[in-house]
Amino acid sequence: MTEEKVYPMTEEGKEKIEQELEELKTVKRKEVVERIKVARSFGDLSENSEYESAKDEQAFIEGRISTLQHMLQNVEIIDSSKTKEGVVALGRTVKFKELPDGIEEEYIIVGKAESDPFEGKISNESPIAEALMGKKVGDKVSIETPGGAMDVEITAVD
């Protein structure tokens, strides 16, 4: 028997997924059904690009709904209070400076499902997070990234 994948995420991330699911089920699903009805009225479905496009979108929406429902059924809320204070862990914000130039970066370490590097949220499965997990302020870490190795020093963990 295969083990169900667990999706670690913050309470905020879970709420965001619940909102997306609700939007897909109550708004997007109805919109695409209406598009299919309109496209059918154009006649011959074999050469109807509007119909094909709407059916493709419907398949995407239904797939996304299924994925989100699965994630919510297997969610594990991150509780960073259960980890040692000052140690890099899921749900914690970590600040570090690149060595030797001192460029500072800050990230919140979250589960893969809610990662968004543009919002400063990186997946616990990313090379940076994997290298930093379990480390504390003052630790120097060498991180292997797709762009090459970088050395950092952790300056804060919240």
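Trainee: Where does Thr-10 lie?

Mentor: In the loop between strand 1 (7-9) and helix 1 (11-40).

Trainee: What should I know about the model itself?

Mentor: The model is predicted, so local features need pLDDT of at least 70 and side-chain atom pairs count only at pLDDT 80 or more, while totals for chains, interfaces and linings use all residues. Residues are numbered from 1 along each chain as its sequence is written, and side-chain values use heavy atoms, with hydrogens and water left out.

Trainee: Why does Thr-10 count as buried?

Mentor: Its relative accessibility is 18%. Buried means under 20% relative accessible area, exposed means over 50%, and partly exposed is in between, with a 1.4 Å probe and protein chains only. So Thr-10 counts as buried.

Trainee: Which residues is Thr-10 in contact with, leaving aside its neighbours within four places in sequence?

Mentor: Thr-10 is in contact with Ile-77, Ile-78, Val-110 and Glu-114. Contact means heavy atoms within 4.5 Å.

Trainee: What domains does the domain assignment give?

Mentor: Domain 1 (7-77) and domain 2 (83-157). Such bounds come from an automatic or database domain assignment. The C-alpha centres of the two domains lie 34 Å apart. Nine residues of domain 1 are in contact with seven residues of domain 2.

Trainee: What feature does UniProt place at residues 85-157?

Mentor: The record, an unreviewed entry, has "domain: Transcription elongation factor GreA/GreB C-terminal" there. Its positions are given in the numbering used here, its feature names are shortened, and annotations may be inferred rather than shown by experiment. Over residues 85-157 the chain is 8% helix and 45% strand. The end C-alpha atoms of that stretch are 8 Å apart.

Trainee: What is the order of the five strands in the open sheet?

Mentor: The order is 5-4-3-7-6, with mixed pairing. Two strands pair if DSSP finds at least two bridges between them. Strand 4 and strand 5 run parallel, joined by three bridges. Strand 3 and strand 4 are antiparallel, over five bridges. Six bridges join strand 3 to strand 7, also in the antiparallel sense. Strand 6 and strand 7 run antiparallel too, through six bridges. Each count meets the cut-off of at least two bridges.

Trainee: Which residues are bridge partners or stand opposite each other?

Mentor: Val-110 has Ser-123 in strand 5 as its bridge partner. Thr-93 is paired with Ile-108 in strand 4. Leu-99 is bridged to Asp-151 in strand 7. Phe-96 stands opposite Ile-154 in strand 7, and Ile-143 opposite Met-150 in strand 7.

Trainee: How many residues lie between strand 3 and strand 4 in their hairpin?

Mentor: Four. Gly-102 in that turn has a positive phi of about 80 degrees. Pro-100 lies in the loop between these two strands. The peptide bond from Leu-99 to Pro-100 is cis, with omega near 5 degrees. Most residues other than glycine have a negative phi, and most peptide bonds are trans. The hairpin of strand 6 and strand 7 has two residues between its strands.

Trainee: How many residues has the largest nonpolar core?

Mentor: It has 16. A nonpolar core is a set of buried Ala, Val, Leu, Ile, Met, Phe, Trp, Tyr and Cys residues joined through side-chain atoms within 4.5 Å. Leu-132 and Ile-143 have the most contacts inside this core. Strand 3 (93-99), strand 4 (104-110), helix 3 (127-132), strand 6 (140-145) and strand 7 (148-157) each supply at least two of its residues. A second, separate core has 15 residues, including Ile-17, Leu-21, Leu-68 and Met-71.

Trainee: Which residues does Leu-132 touch, not counting residues up to four places away in sequence?

Mentor: Leu-132 touches Val-88, Val-94, Phe-96, Val-141, Ile-143, Val-152 and Ile-154.
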